[in-house]
Each structure stands twice: as C-alpha cells, then as structure tokens.
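Colleague: I would like to learn how to read a model like this one, feature by feature. Could you walk me through it?

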Amino acid sequence: MNVRIDPSWNKELQDEWDKPYFAELTDFVRQQYQDSRQIVYPPASKIFAAFDECPFDKVKVVILGQDPYHGPGQANGLCFSVGNGVALPPSLVNIFKEVQDDLKLPEASTDGDLSRWARQGVLLLNSTLTVEAHRPTSHQGKGWETFTDEVIMRLNRDREHLVFILWGSYAIKKGAFIDRNRHLVLTSPHPSPLSAYRGFFGSHPFSRANQYLVQHNETPINWR
C-alpha cells in the first residue's frame with residue numbers, strides 16, 4: 001500500500017501498511033472523505049502532518065492528544081494546534097498560559113500553529129488522526145489507535161532519551177507501556193478548562209522536558 005508520509009516514518013512503519021487492520025482503516029477513511037454528505041477533518045493532505053513535520057530520527061519530545069479538533073478550520077494534523085489566525089481553542093489557551101508561567105515569558109503566544117514546535121523535534125500526535133465535523137470521537141475504534149500505539153512502541157523501542165508528555169487519563173493510559181528507564185514520561189491532568197486547575201497548571205512540562213534534553217546533550221525546544 002502506498003502511504004504518503006515522511007520517508008523516515010515510511011521506512012520505520014513499513015510493516016504496518018499491509019496489515020489487515022490498516023487496509024480496513026484506509027478504506028474507512030477514504031469513504032469518509034469521499035462522502036459528500038459530511039465533512040472530515042483535518043484536510044486529507046494533513047492527516048499525516050505530524051509525521052511530515054517531525055521525521056522519526058528527529059523526534060525529541062512526544063505530546064499525545066486524543067482527537068483532531070472537529071470545528072471548521074481548526075484541525076491541521078498536529079495535536080492541540082490550529083492554523084495561524086484561527087481562534088485559539090480553550091485547551092491551547094491553557095497550554096500557552098503554562099508555557100508563559102513555566103518559562104517566565106512576558107506574554108503568552110497568540111499564534112496557534114504549533115508547527116514551529118514540530119520542526120524542532122516535537123511529535124504532536126493524536127491517537128485518532130481523523131474526525132467527522134462536530135462529532136468528537138467519531139473515528140475512534142476504526143484502527144487509528146492500533147496505528148498510533150505502534151508509533152509510540154517504535155519510538156519507545158528504537159530511540160533513546162525521549163520526553164513523552166501525557167496530559168489526561170486517556171494519554172496516560174495509552175502511554176503506560178513506555179520504558180521509564182530509557183525515556184522521561186511527564187504526566188498531568190489535561191489542559192482543558194474542565195481539568196487544567198487540577199494539576200496541569202504548575203506542572204512545568206516545558207522546562208522539565210528541556211532540562212532532560214540538555215542533560216542528554218540535546219538542544220532544548222524553544223517553546224515560545
């Protein structure tokens with residue numbers, strides 16, 4: 001099967017393309033995008049944007065989300081990210097507040113396009129890579145979770161000294177198998193307004209990630 005994805009990831013995940021679950025997933029996703037009665041996010045060209053922006057051998061940090069945004073113009077293939085000029089969703093507002101407080105920055109960002117993080121080695125990975133408009137979780141259970149589990153497993157197995165940032169119970173459960181002796185795993189409540197004040201604010205994931213990267217001779221991330 002021909003999957004349009006960054007060459008480094010294509011090589012790493014080549015075994016997945018011909019597995020029955022991925023063939024079924026591909027058929028499902030193709031039908032969803034071709035169905036004129038509904039809208040699916042992100043744009044088809046952006047489904048694998050997280051991988052295209054952050055090649056396998058360049059990954060330093062993994063931030064794990066759940067679903068793409070399901071509102072018009074929001075999802076761009078990177079978890080928690082929106083295009084420049086798009087109003088910031090509440091979770092992203094809270095992420096930027098924590099960046100500001102954690103790193104003692106004078107003001108929070110107003111540009112929600114996190115590709116600037118991805119290009120520095122932050123894999124912004126949703127567990128499910130597509131969603132129907134206005135129907136959160138609508139593409140769960142179709143095979144994406146199996147695929148993204150494999151992505152995490154390959155990073156856990158084949159890379160050293162990565163930082164995994166897991167926000168909320170869903171992400172924490174999905175990353176439960178990550179080897180804490182080889183990688184740094186940072187967990188906290190989700191940045192959504194429903195849970196951010198239960199421990200996301202003040203968790204300092206950005207400074208802690210950079211401290212770990214520096215300790216292992218990696219260039220820290222500019223989180224601005």
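Modeller: Gladly. Let's start with leucine 162, which counts as buried because its relative accessibility is 1%; buried means under 20% relative accessible area, exposed over 50%, and partly exposed in between, using a 1.4 Å probe and protein chains only. This is a predicted model, where local features need pLDDT of at least 70, side-chain atom pairs count only at pLDDT 80 or more, and totals for chains, interfaces and linings use all residues. Residues are numbered from 1 along each chain as its sequence is written, and side-chain values use heavy atoms, with hydrogens and water left out.

Colleague: Which residues does leucine 162 touch?

Modeller: Contact means heavy atoms within 4.5 Å. Not counting residues up to four places away in sequence, leucine 162 touches Val59, Lys60, Leu155, Arg182, His183, Leu184 and Tyr212. The C-alpha atoms of leucine 162 and lysine 60 are separated by 5.2 Å, although the two residues are 102 residues apart along the chain.

Colleague: Where is the place of leucine 162?

Modeller: Helices (H or I, at least four residues) and strands (E, at least two) are DSSP runs, numbered from the N terminus. Leucine 162 sits in the loop between α7 and β5.

Colleague: What is the order of the strands in the open sheet?

Modeller: Two strands pair if DSSP finds at least two bridges between them. Here 4 strands form an open sheet in the order β3-β2-β5-β6, with parallel pairing. β3 (122–126) and β6 are at the edges and have a single partner strand each, so one side of each lacks a neighbour in the sheet.

Colleague: How many bridges join β5 to β6?

Modeller: There are 5 bridges between strand β5 (residues 163–167) and strand β6 (residues 184–188), and leucine 166 stands opposite threonine 187 in β6. Strand β2 (residues 61–65) pairs with β3 over 5 bridges too, with asparagine 126 in β3 as the bridge partner of glycine 65.

Colleague: And aspartate 67: buried or exposed?

Modeller: Aspartate 67 counts as buried, because its relative accessibility is 18%. It lies in the loop between β2 and α5 (90–103), and its contacts beyond four places in sequence include Asn126, Thr128 and Thr137.

Colleague: What does UniProt list for Asp67?

Modeller: UniProt positions are given in the numbering used here, feature names are shortened, and annotations may be inferred rather than shown by experiment. The unreviewed UniProt entry lists Asp67 for "active site".
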